[in-house]
Amino acid sequence: MSKFINPFTDYGFKLIFGREVSKDLLIEFLNDLLEGERVITDLQFLNNEQLPCYPEGRGIIYDVYCTTDTGEKIIVEMQNRMQSNFKERSIYYLSRAIVNQGQVGNEWKFEIKAVYGVFLMNFVIDKNIKLRTDVILADRESGNLFSDKFREIFIALPLFDKSEEECETNFERWIYILNNMETLKRLPFKARKAVFEKLEDIADVASMSPEDRERYDNSVKVYRDYLVTMDAAEQKGIEIGEKRGLKEGKERTQLEIAKNLKAKGMDNNSIAECTELPIETIESL
């Protein structure tokens with residue numbers, strides 16, 4: 001068992017950034033992410049479940065959902081797997097956070113606070129993605145900012161390849177730690193930034209309560225089962241693809257992944273997002 005929490009697990013990420021006891025960690029991380037733009041002095045965690053606007057709609061559960069001391073809404077997520085329409089999904093999430101600020105009555109004049117989405121991705125969306133991609137509303141020709149009410153930041157963690165000694169900024173130090181936390185025996189950079197001392201305490205697996213440890217262990221199991229299943233299914237898909245054609249190989253791979261994940265207890269909606277298969281196909285397996 002690793003000494004520190006694996007931040008790529010759902011519960012592990014929430015333990016690090018989604019609790020009152022670790023609020024200052026999230027504040028420091030966001031300030032380093034937005035250095036030179038603004039300073040967050042305090043924030044409040046919001047109910048991370050947003051109910052659908054229509055009866056048959058699905059609710060949205062964010063990893064971390066908070067509001068700053070000046071009213072901006074910030075969504076922070078760790079995503080381990082590429083999902084169909086991932087970019088569109090992120091726009092939808094932020095749009096809901098904007099729409100939910102609406103007020104009934106003629107007195108409301110569409111005064112809205114800015115909404116930020118921070119998406120830490122353990123995969124690469126497409127070949128054009130950079131380590132950090134900042135999306136804003138701007139004029140296409142001049143590049144001038146049109147509105148500061150919508151902002152997305154995508155961080156493709158696999159593209160970060162700096163060593164501990166090569167990290168120059170606090171942003172890079174955060175990314176280095178998140179990428180390597182599960183294999184580290186000690187957290188670096190504590191002499192440079194005091195918050196990393198607290199991160200070392202909070203992320204220490206041995207300091208967890210029995211209840212948190214049980215939930216965390218379960219999330220680690222789901223994470224590792226997913227990785228093993230994906231590797232095995234991908235290899236099998238390659239073999240089938242070589243024999244029967246790439247399209248059929250991909251389809252077989254998706255079905256094989258779906259069957260294995262379903263056998264391990266993953267819910268149908270999550271399986272559909274992982275495999276890009278229709279929910280009806282998942283339910284019929």
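A salt bridge here is a side-chain nitrogen of Lys or Arg within 4 Å of a carboxyl oxygen of Asp or Glu. Start by selecting Glu37, Arg132, Asp134 and Arg151: salt bridges link these residues in a network. By that rule the count comes to 20 salt bridges.

Before moving on, some housekeeping: this is a predicted model, where local features need pLDDT of at least 70 and side-chain atom pairs count only at pLDDT 80 or more, while totals for chains, interfaces and linings use all residues. Residues are numbered from 1 along each chain as its sequence is written, and side-chain values use heavy atoms, with hydrogens and water left out.

Next, select Asp63 and Lys14, whose side chains meet in a salt bridge at 3.7 Å, N to O. This pair links distant parts of the chain, 49 residues apart: Asp63 is in the loop between β3 (60-61) and β4 (64-68), Lys14 in helix α1. (Helices, H or I with at least four residues, and strands, E with at least two, are DSSP runs numbered from the N terminus.) Asp63 counts as buried because its relative accessibility is 13%, whereas Lys14, at 25%, is partly exposed. The cut-offs: buried is under 20% relative accessible area, exposed over 50%, partly exposed in between (1.4 Å probe, protein chains only).

Stay in α1 (residues 10-17) and pick Ile16. Ile16 is buried, at 0% relative accessible area.

Now jump to Glu77 and Arg89, a salt bridge at 3.3 Å, N to O. Glu77 sits in strand β5 (residues 73-79) and Arg89 in helix α3 (residues 86-99), 12 residues apart. Are these two buried or exposed? Both Glu77 and Arg89 are buried.

On to Glu172 and Lys162, where the closest N and O atoms of the salt bridge are 2.7 Å apart. Glu172 lies in helix α4 and Lys162 in the loop between β8 and α4, so the pair ties together parts 10 residues apart in sequence. Glu172 is buried at 14%; Lys162 is partly exposed at 27%.

Asp161 is exposed, with a relative accessible area of 67%.

Last stop: the cysteines. Cys66 is buried at 0% relative accessibility, and Cys167 is buried at 7%. A search of the whole structure finds zero disulfides (pairs of cysteine sulfur atoms within 2.5 Å).
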